[in-house]
Amino acid sequence: MNKFNLHDGLVVPLDRANVDTDAIIPKQFLKSIQRTGFGPNLFDEWRYLDHGEPGRDNSRRPLNPDFVLNQPRYTGASILLTGKNFGCGSSREHAPWALDQYGFRAIIASSYADIFFNNCFKNGLLPIVLTEAQIDHLFNEVRAFPGFRLVIDLERQIVSTVTGSESFPFEVDTFRKYCLLNGLDDIGLTLQKADKIRAFEERHLASKPWLTNVI
């Protein structure tokens, strides 16, 4: 999992509330047993004018010119600004996978569905909660200024404009912050204890040697 500390990114506004996980990554793409390749199908039903299926060549599909991710001014955006209750619906972990693999490092909203919120941290995405008034203000700024960027300082827990003229503090759980700063998912956390795990296994087998013959 990639570390998250200081991120300077272009902001894209998705001004919709209650965006569910089926909109983030439609159900037909859950057939894949891989954890990669979901980025091209992020918001598939909104990004394209036809119906998407796994394995299709997305470069040949007609784009929806009205959808915000298809607008040239937001090419390369890595911060998603969106409405309340983002990530509601089913608990699919593919949703944060798709967002991450598209290129997003952080999401800013006034609220999230609980399971999606937790899954973001486990996959290296930072879901930031700001007030609705702050969100509305940022939507206005993004629309008014092409190329609008924000700087996210996780260590200091502050979102600020590139010029530093405005800043917005945010809260984050201490343990989740530690994991993001160090790039640790659940497997990475476990591997930090690898020496202790091996030592336990050796002691356990030494005290019960017959277990080595158990199939």
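This is a predicted model: local features need pLDDT of at least 70, side-chain atom pairs count only at pLDDT 80 or more; totals for chains, interfaces and linings use all residues.
Residues are numbered from 1 along each chain as its sequence is written, and side-chain values use heavy atoms, with hydrogens and water left out.

Let me begin with the whole chain. The protein has eight helices and seven strands, these being DSSP runs numbered from the N terminus, with helices as H or I of at least four residues and strands as E of at least two. The C-alpha trace spans about 70 × 45 × 25 Å along its principal axes. Of the 215 residues, 46% are buried, where buried means under 20% relative accessible area, exposed over 50%, and partly exposed in between, with a 1.4 Å probe and protein chains only.

Which residues have the most contacts inside the largest nonpolar core? They are F43, F86, L99, F116 and L126, in a core of 56 residues; such a core is a set of buried Ala, Val, Leu, Ile, Met, Phe, Trp, Tyr and Cys residues joined through side-chain atoms within 4.5 Å.

The contact, meaning heavy atoms within 4.5 Å, is made by A95, P96 and L99 of α3 and by F116, N119 and C120 of α4.

Turning to α4 itself, its buried residues are F116, F117, N119, C120 and F121, and they pack against α1 (21-24), α3, β3 (106-109), β4 (126-129) and α6 (174-182). Setting aside residues up to four places away in sequence, F116 touches T21, I24, F86, G87, A95, P96, L99 and I107. After α4 comes G124, whose phi is positive, near 85°.

Finally, R73 lies in the loop between α2 (44-47) and β2 (79-82), and it counts as partly exposed because its relative accessibility is 32%. Leaving aside neighbours within four places in sequence, R73 is in contact with L10, V142, R143, F145 and P146, whereas the C-alpha atoms of R73 and R56, 17 residues apart along the chain, are separated by 26 Å.
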